[in-house]
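The sequence and structure come first, and the notes follow by topic.

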There are 2 protein chains.
Amino acid sequence: MSILPEEFAIIGTYFAPLAGEGAFGLTDDAAILAPPPNRELAICADAIVEGVHFLPSDPPDLVARKLLRVNLSDLAAMGATPLSYLLTVSVGRATPKTWFAGFAAGLAADQATFNLRLLGGDTTSTPGPISLSATLIGHLAPGTALRRTGAQPGDGLWVTGTIGDAALGLLALQGKIPDPTGFLANRYHLPQPRLGLALHGIAHAGMDISDGLLQDAAHLCRAAGLAAEIDADKIPLSTAARGAGLLKTCLTGGDDYELLLAVPTAQEPALIDVCGRAAIPITRIGAMRPGPPYVHVLGGDLEPNTTATQGWSHF
Amino acid sequence: MSILPEEFAIIGTYFAPLAGEGAFGLTDDAAILAPPPNRELAICADAIVEGVHFLPSDPPDLVARKLLRVNLSDLAAMGATPLSYLLTVSVGRATPKTWFAGFAAGLAADQATFNLRLLGGDTTSTPGPISLSATLIGHLAPGTALRRTGAQPGDGLWVTGTIGDAALGLLALQGKIPDPTGFLANRYHLPQPRLGLALHGIAHAGMDISDGLLQDAAHLCRAAGLAAEIDADKIPLSTAARGAGLLKTCLTGGDDYELLLAVPTAQEPALIDVCGRAAIPITRIGAMRPGPPYVHVLGGDLEPNTTATQGWSHF
């Protein structure tokens, strides 16, 4: 069901070329998906809204890629290999064809990068801001999903990549801080899902960092019934983020799409090996410890304890 | 990634109780889906937007059920059995908890009716109208999907249920026509997906009618490279629709969510038997015939040939 002028022409021109096996060229009522033999599927859906998750001025190809990547990051956090996706696109009736062309070009680019295929979806009109959703499907060996639960006292707490760049990138795009190289804005526009790490048997627990490191660490604590201790001085920051000097923004801002992992000491060499082979930086920022679910932040230059309701505090 | 006040409380209170096996209580990054053995999956996604696909005054439980049912109708059109779904919900930051309670109650009601379980999704804010999407997953025996392609010359054209009630129901809800019993409004609010019909081997082609009978019949024609002839006087109308006397609205309005089937003459007894056992009314409205893709409408009381660009005309 869809109400958009020239909807079928738009689907045929811009989206049908992206359709994969089982999608019937986007001309049928549903797609058929034959799961790979002896694999489970991992499935997730995220929505992004213009003015909330992306800026009206963001180029449509980057919006498309961000839509896929925020979902791919969820698959990465489960240890799944991406397979296919469905899409819903709600846009204004006067949306120019150049927007669809750019959006589809972004999808095509990331389909190639991540070996994805489009299975189906819906294109419709809205009187409001652009509203997009994607459902991503991945596959993994049965029983190997990396869950948020399961962290143990003494596990080291590790993060991939660098933290805070995207939150600073948003400030840069809003003209609030400088970003002479465009590095921070790029990290906001184009998350790097940390796919391809074989973490089953290495990490006790894991998740992607989308709502801010400290809030997401608090989720990991609640899932385990444990506290966490994070050394603010060990959190990996990019050169640009170090230059900005806004540590609290880095730790509480969202959109990192890095992985947060709880790893027993005995598996640390394996973790470093797996990440090294994938050329993904990995940094130990703290540890899980007994105690009520809470994130204790040590060091850094944060003002004291103003955000305890978010499940963390600074000492 | 989500930005909504009290988002986690809303998920925990209203959506987590709906989560099924593999959804991990909606607390993990993705759900795990182990496909039923020896079955393929059918998967589809539709979006609905406040003010476009439903009215701001529509009760939230009916909005939730319509969201599921427009997608269930797509599964029905493929011959799939519903299994599970994911959801994205974008609402204003001031949306009252009663809205979520009503919306979740509607989901719960239709989960029970259709034996569905919630696998995951996203809840986020929007400065615009309520914007919803659902991805529905069903299963079917490999190779049994009912496609839109494959109609043959001479196949009878059949529809389930009655046509046009929902389009009239929208007019009634807008105060444009009377609806003393509320029958028409109910057909707009609550589509009846025609699940459970074992049509493989009986119908050559099928689809659900969501964009209006004539436009969707034109899709079936294009998929087959054939023309269709529809006898307007044979189209099944409810008593309320007959009373309204707006035949063209019935044939071109959307939201029917009935099935349109192309069935060879030899299989007509089997079709009638299958539908009879499911207590689903089925009516022969015309036939496929050789010729360029086009829907020729005979009889009725339609004005001549004004909408030929939609792929049909009246004689």
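In what handedness of crossing does α2(B) pass α3(B)? The crossing of α2(B) past α3(B) is right-handed. The model is a predicted one. Chains A and B are related by a rotation of 180° with 0.0 Å of shift along its axis, and a mixed sheet takes strands from both chains.

**Packing of α2(B) on α3(B)**

- The axes of α2(B) and helix α3 (residues 97-114) of chain B lie 6 Å apart, at an angle of about 40°.
- The two helices α2(B) and α3(B) are therefore oblique to each other.
- On the α2(B) side, the contact residues are B:Pro60, B:Asp61, B:Leu62, B:Val63, B:Ala64, B:Arg65, B:Leu68, B:Arg69 and B:Leu72.
- On the α3(B) side, they are B:Trp99, B:Gly102, B:Phe103, B:Ala105, B:Gly106, B:Leu107, B:Ala109, B:Asp110 and B:Phe114.
- By class, this contact of α2(B) with α3(B) has 12 nonpolar, two polar and four charged residues.

**Packing of α1(A) on α3(A)**

- In chain A, helix α1 (residues 7-15) and helix α3 (residues 97-114) cross at roughly 40°, and their axes come within 10 Å.
- That angle makes α1(A) oblique to α3(A).
- The crossing of α1(A) past α3(A) is right-handed.
- A:Ile10, A:Tyr14 and A:Phe15 of α1(A) meet A:Phe100, A:Ala101 and A:Ala104 of α3(A).
- The contact of α1(A) with α3(A) consists of six nonpolar residues, with no polar and no charged ones.

**Symmetry and interface**

- Superposing chain B on chain A by the 180° rotation gives an RMSD of 0.0 Å.
- B:Gly128 has the C-alpha of chain B nearest the axis, at 2.3 Å from it.
- Across the interface, 57 residues of chain B are in contact with 57 residues of chain A.
- Chain B contributes two or more residues from each of β1 (31-33), β2 (40-49), α2 (60-78), β3 (81-91), β4 (117-125), β5 (131-140) and β7 (205-209).
- Of the elements on this side, β2(B) gives the most, with nine residues.
- The side of chain B that touches chain A divides into 30 nonpolar, 16 polar and 11 charged residues.
- The copies meet through the same surface, because 100% of the interface residues of chain B are also interface residues in chain A.

**Sheet and strand pairing**

- Five strands form an open sheet in the order β4(A)-β3(A)-β5(A)-β2(A)-β1(B), with mixed pairing.
- β4 (117-125) of chain A and β1 of chain B are at the edges with a single partner strand each, so one side of each has no neighbour in the sheet.
- On average, neighbouring strands of this sheet are turned by 20° against each other, direction ignored.
- Within chain A, strand β3 (residues 81-91) pairs with strand β5 (residues 131-140) in the antiparallel sense over nine bridges.
- Between the chains, strand β1 (residues 31-33) of chain A is joined to β2(B) by three bridges, and the two run antiparallel.
- A:Ala31 has B:Ile43 as its bridge partner in β2(B).
- Helix α2 (residues 60-78) of chain A lies across β2 (40-49), β3 and β5 of chain A, and runs at about 145° to β2(A).

Conventions:
Residues are numbered from 1 along each chain as its sequence is written. Chains are lettered from A and ligands numbered from 1 in the order in which they are written. This is a predicted model: local features need pLDDT of at least 70, side-chain atom pairs count only at pLDDT 80 or more; totals for chains, interfaces and linings use all residues. Copies are superposed by least squares on the C-alpha atoms of residues with pLDDT of at least 70 in both. Two residues are in contact if their C-beta atoms, placed from the backbone, lie within 7 Å. Axes are lines fitted to C-alpha atoms, for helices over the stretch in contact, and angles run from 0 to 180 degrees between N-to-C directions. Helices (H or I, at least four residues) and strands (E, at least two) are DSSP runs, numbered from the N terminus. Angles under 35 degrees count as roughly parallel, over 145 as roughly antiparallel, 65 to 115 as roughly perpendicular and the rest as oblique. A crossing is left-handed if the near helix is turned anticlockwise from the far one by less than a right angle, and right-handed if clockwise. Ala, Val, Leu, Ile, Met, Phe, Trp, Tyr, Cys and Pro count as nonpolar, Asp, Glu, Lys and Arg as charged, and the others, Gly among them, as polar. Two strands pair if DSSP finds at least two bridges between them.
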